[in-house]
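I opened my notebook to look up a few things in this structure. Here is what I wrote down.

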Amino acid sequence: AALREGYEHFDPRAYLRNNYLPPRADFSSEEFVVPWKLRCLAETFASGEIRGRTLIDVGSGPTIYQLLSACDHFEEIVATDFLAVNREELGRWARGEPGAFDWSPFIQHVCKIEGRGEPWQDKQRRLRQRLRRILPIDVHRPEPLGAPLRPRADALLSAFCLEAVSPDRASFVRALSHVGTLLRPGGHAVLLGALGESFYLAGPARLPVVPLQESDVREALAAAGFALRELRCYAMPPALRTGVDDVDGVFFAHAQK
């Protein structure tokens, strides 16, 4: 209940400014956090192993960068978020409306690191075509979408969601188990999340986060029925500790149900 009340004050535009504009979204060096996240995603999806009909993105927030490398490998992408303001922000971008957040620097960077010489506009168009549904979700319910996803997704992606809406580690594990029901057996899960973070800011909202260590991520995946395939960690450099959160680092995990 306290988490829900806090998120009533969540400002998507403030969140985007804090995390997806410079200094954090600096593409001049692979040492910065956003290029690191995009490379992790690009390399993992480039293997071609994670593919199929449907990818579900759990807790999309107001962002689409996490879907850029994934969109080449799925017929349909289902974005989800608890907050209507985030779903509206995603819808504005998907429809190409004036005033939507400008993700073109991210798309251009992903096209560059994927190295296929593709015009970035083509990738943008493809993601918009495949982002067919933007649904409400509550990861703390055993049926996060309110009903089973049929057919179940071939892959699940979630970036900076579960630890940011869980009051403790046990809740984090339960939420991971709940969203795992949306995934078919043998399906892949790709997770990005915060390490050592206790809060973040989004306009007037100061949101609590359950602080996770690398060992917590490993244990939670195992407890939720996933086999860990890869885990990478990034230490947040002093220059990117801007006061909008107290994050120590970022984890990237690839696991299989």
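**Helix α5.** I listed the buried residues of α5: Ser104, Phe106, Ile107, His109, Val110, Cys111, Ile113 and Glu114. Buried here means under 20% relative accessible area, exposed means over 50%, and partly exposed lies in between, with a 1.4 Å probe and protein chains only. α5 spans residues 104-114 and is mostly covered, since 8 of its 11 residues are buried. Helices are DSSP runs of H or I with at least four residues, strands are runs of E with at least two, and both are numbered from the N terminus. I then looked up what covers the buried residues of α5, and the list includes α2, α3, α4 (84-94) and α6 (120-130). After α5 comes Gly115, with a positive phi near 70°.

**What I am working with.** This is a predicted model, where local features need pLDDT of at least 70 and side-chain atom pairs count only at pLDDT 80 or more, while totals for chains, interfaces and linings use all residues. Residues are numbered from 1 along each chain as its sequence is written, and side-chain values use heavy atoms, with hydrogens and water left out.

**The core.** Which residues have the most contacts inside the largest nonpolar core? They are Val58, Tyr65 and Trp103, in a core of 91 residues. Helix α3 (residues 33-46) gives the largest share of this core, 8 residues. Such a core is a set of buried Ala, Val, Leu, Ile, Met, Phe, Trp, Tyr and Cys residues joined through side-chain atoms within 4.5 Å. Contact means heavy atoms within 4.5 Å.

**Cysteines.** A disulfide is a covalent bond between the sulfur atoms of two cysteines. The search counts a pair of cysteine sulfur atoms within 2.5 Å, and I found 0 disulfides in the structure. Cys40 counts as buried because its relative accessibility is 0%. Cys161 is in no disulfide either, and its nearest cysteine sulfur, that of Cys40, is 19 Å away. Cys161 is also buried, at a relative accessible area of 10%.

Not counting residues up to four places away in sequence, Ser171 touches His140 and Ser166.

I noted a cis peptide bond from Pro22 to Pro23, with omega near 10°; Pro23 sits in the loop between α2 and α3. Another cis peptide bond joins Arg150 and Pro151, where omega is about -15°. Pro151 belongs to the loop between β3 (131-136) and β4 (153-159). Phe160 has a positive phi near 55° although it is a residue other than glycine, and Phe160 lies in the loop between β4 and α7.
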